Amino acid sequence: MGSSVSHAAAPPPPPSPLPPAVGLAVALPSKAEEKSEKKVDYLNLPCPVPFEEIQREALMSLKPELFEGLRFDFTKGLNQKFSLSHSVYMGSTEVPSPSSGTIKVPTAHYEFGANFLDPKLMLIGRVLTDGRLNARVKCDLTDNLTLKINAQLTNEPHFSQGMFNFDYKGKDFRAQYQMGNNAFYGANYIQSVTPHLSLGSEVFWLGHQRKSGIGFAARYNTDKMVATAQVASTGIVALCYVQKVSEKVSLASDFMYNHMTRDVTSSFGYDYILRQCRLRGKLDSSGCVAAFLEERLNMGVNFILSAEIDHRKKDYKFGFGMTVGE
Amino acid sequence: MASRVSSKGKGKAGRGAEDGPTARFVKEWSTWTMKKAKVIAHYGFIPLIIVIGMNSEPKPHLSQLLSPV
């Protein structure tokens with residue numbers, strides 16, 4: 001390429017394995033050569049995450065299943081694929097009341113569940129003592145097409161809900177079509193644009209209220225961080241950012257603005273995944289502090305503590321429980 | 001009639017002029033099917049999972065289903 005004698009001002013000598021070069025090439029760091037070899041192949045982009053999971057990391061860290069009272073879950077596996085679960089819950093649940101916001105009603109229920117988990121077919125059913133059934137079905141119709149059914153059936157008339165989703169997974173895109181009761185129809189599409197960035201959009205139509213909406217979402221992720229943004233015509237803007245500080249620690253923050261109700265919420269949380277426990281905590285702009293601890297006492301025995309303190313509403317919720325079984 | 005149809009979540013609400021007898025018949029028949037399907041799903045989903053699970057390999061024993069251990 002050039003003579004071995006460099007005429008540039010006073011460049012540092014290049015690292016030994018590289019051949020000697022002249023001019024600008026000496027001043028640039030040697031990594032530039034590695035980067036130029038990894039040219040982006042726009043025809044071979046990775047498949048993006050499903051549209052509804054675009055904020056998955058932030059939701060996992062910032063919204064643990066906080067509860068109040070006692071919770072005991074027992075999962076018994078009969079088979080590699082088939083298991084039964086028994087779950088007892090005693091505590092208060094919040095019921096919205098017209099007079100003063102929400103009121104706490106003490107409830108206790110036993111829930112029986114059966115799970116069948118197969119690579120191609122997943123069936124999960126949970127039935128409560130008051131007759132409510134929670135059903136989830138996921139079936140791989142072909143290699144790329146998946147059918148998902150989500151239903152909550154009750155004994156009271158007109159309170160049941162169901163949703164059918166058809167998911168198609170392409171090479172670097174995903175498309176989904178949804179049908180729900182009350183004449184809800186929706187579709188969404190997400191496409192990988194670069195190896196790190198994926199863009200998506202969704203439309204939905206509510207038959208009974210004759211409402212329709214459109215939304216757009218973008219997700220940028222690298223190994224260390226995930227940033228997502230979502231805008232919808234219902235007037236909601238949601239941004240979130242998750243940074244993986246180390247193997248065991250990740251920090252997440254979330255911002256949501258509702259244009260119709262002029263409501264702004266922002267939260268910040270941490271997620272510690274340690275060998276024997278998982279601790280998640282969050283702090284909210286509405287004055288709410290929460291923490292959730294899952295501690296592994298033994299193989300298959302987990303101890304759970306949940307705490308949520310709402311300083312503004314003066315509402316203190318503490319829960320404890322145990323989960324036995326995988 | 002309009003309330004019964006709309007409560008079952010059909011997209012086309014039966015407002016305005018009366019559609020022909022065939023369309024009304026199809027709507028009422030599909031409402032009846034949805035009601036029956038909901039009852040069948042409500043009572044039969046968990047037994048369906050149990051039947052599919054008990055027939056998967058390796059077949060578990062009936063006593064494993066009932067005992068708490």
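This is a predicted model: local features need pLDDT of at least 70, side-chain atom pairs count only at pLDDT 80 or more; totals for chains, interfaces and linings use all residues.
Leaving aside neighbours within four places in sequence, Phe82(A) is in contact with Gly77(A), Ala114(A), Asn115(A), Phe116(A), Ile49(B), Ile50(B), Gly53(B), Met54(B) and Leu65(B); contact here means heavy atoms within 4.5 Å. A second, separate core of six residues includes Ala58(A), Leu62(A), Cys240(A) and Ala252(A). A nonpolar core is a set of buried Ala, Val, Leu, Ile, Met, Phe, Trp, Tyr and Cys residues joined through side-chain atoms within 4.5 Å. Buried means under 20% relative accessible area, exposed over 50%, and partly exposed in between, with a 1.4 Å probe and protein chains only.

Residues are numbered from 1 along each chain as its sequence is written, chains are lettered from A and ligands numbered from 1 in the order in which they are written, and side-chain values use heavy atoms, with hydrogens and water left out.

Let me turn to the largest nonpolar core. It has 17 residues, and those with the most contacts inside it are Phe82(A), Leu84(A), Ala114(A), Leu123(A), Phe45(B), Ile49(B) and Ile50(B). At least two residues of this core come from each of S2, strand S3 (101-117), strand S5 (133-140) and strand S6 (145-153) of chain A, and from helix H2 (21-54) of chain B. H2(B) gives the most to this core, with five residues. Helices (H or I, at least four residues) and strands (E, at least two) are DSSP runs, numbered from the N terminus. In soluble globular proteins, nonpolar side chains tend to be buried together.

Next, the spaces. How much space lies in the largest pocket? The value is about 1,500 Å³. Of the 45 residues that line the largest pocket, the closest to its centre are Glu65(A), Arg71(A), Asp73(A), Ser87(A) and Glu111(A). By class, this lining has 10 nonpolar, 16 polar and 19 charged residues. In this classification Ala, Val, Leu, Ile, Met, Phe, Trp, Tyr, Cys and Pro count as nonpolar, Asp, Glu, Lys and Arg as charged, and the others, Gly among them, as polar. Strand S2 (residues 82-97) of chain A gives the most to the lining of the largest pocket, with eight residues.

On a 1 Å grid over the protein atoms alone, a cavity is a set of points where a 1.4 Å probe fits but cannot get out, and a pocket is an open set with protein on both sides within 12 Å along at least five of seven lines; lining residues have an atom within 4 Å of a point. Grid points are joined across faces, edges and corners, and a volume is the space filled by probe spheres set on the points.

By this rule there is one cavity of 30 Å³ or more, and the largest cavity holds about 70 Å³ of space. The residues that line the largest cavity include Pro50(A), Phe51(A), Tyr168(A), Arg174(A) and Ile190(A). S8(A) gives the most to this lining, with three residues.

I now come to the strands around S17(A). Seven bridges join strand S16 (residues 277-284) of chain A to S17(A), and the two run antiparallel; strands pair if DSSP finds at least two bridges between them. Cys277(A) stands opposite Glu295(A) in S17(A). On the other pairing, 10 bridges join S17(A) to strand S18 (residues 301-310) of chain A, also antiparallel, and Ala291(A) stands opposite Ala307(A) in S18(A).

Within strand S17 (residues 288-298) of chain A we find Ala290(A). Is Ala290(A) buried or exposed? Ala290(A) counts as buried, because its relative accessibility is 7%. The C-alpha atoms of Ala290(A) and Lys63(A) are 227 residues apart along the chain and separated by 9.4 Å.

Finally, some backbone geometry. Most residues other than glycine have a negative phi, and most peptide bonds are trans. Asn182(A) has a positive phi near 60° and lies in the loop between S8 and S9 of chain A. Arg262(A) has a positive phi near 50°, and Arg262(A) counts as exposed, at 56% relative accessibility. In chain B, the peptide bond from Glu57(B) to Pro58(B) is cis, with omega near -15°, and Pro58(B) lies in the loop between H2 and helix H3 (62-66) of chain B.
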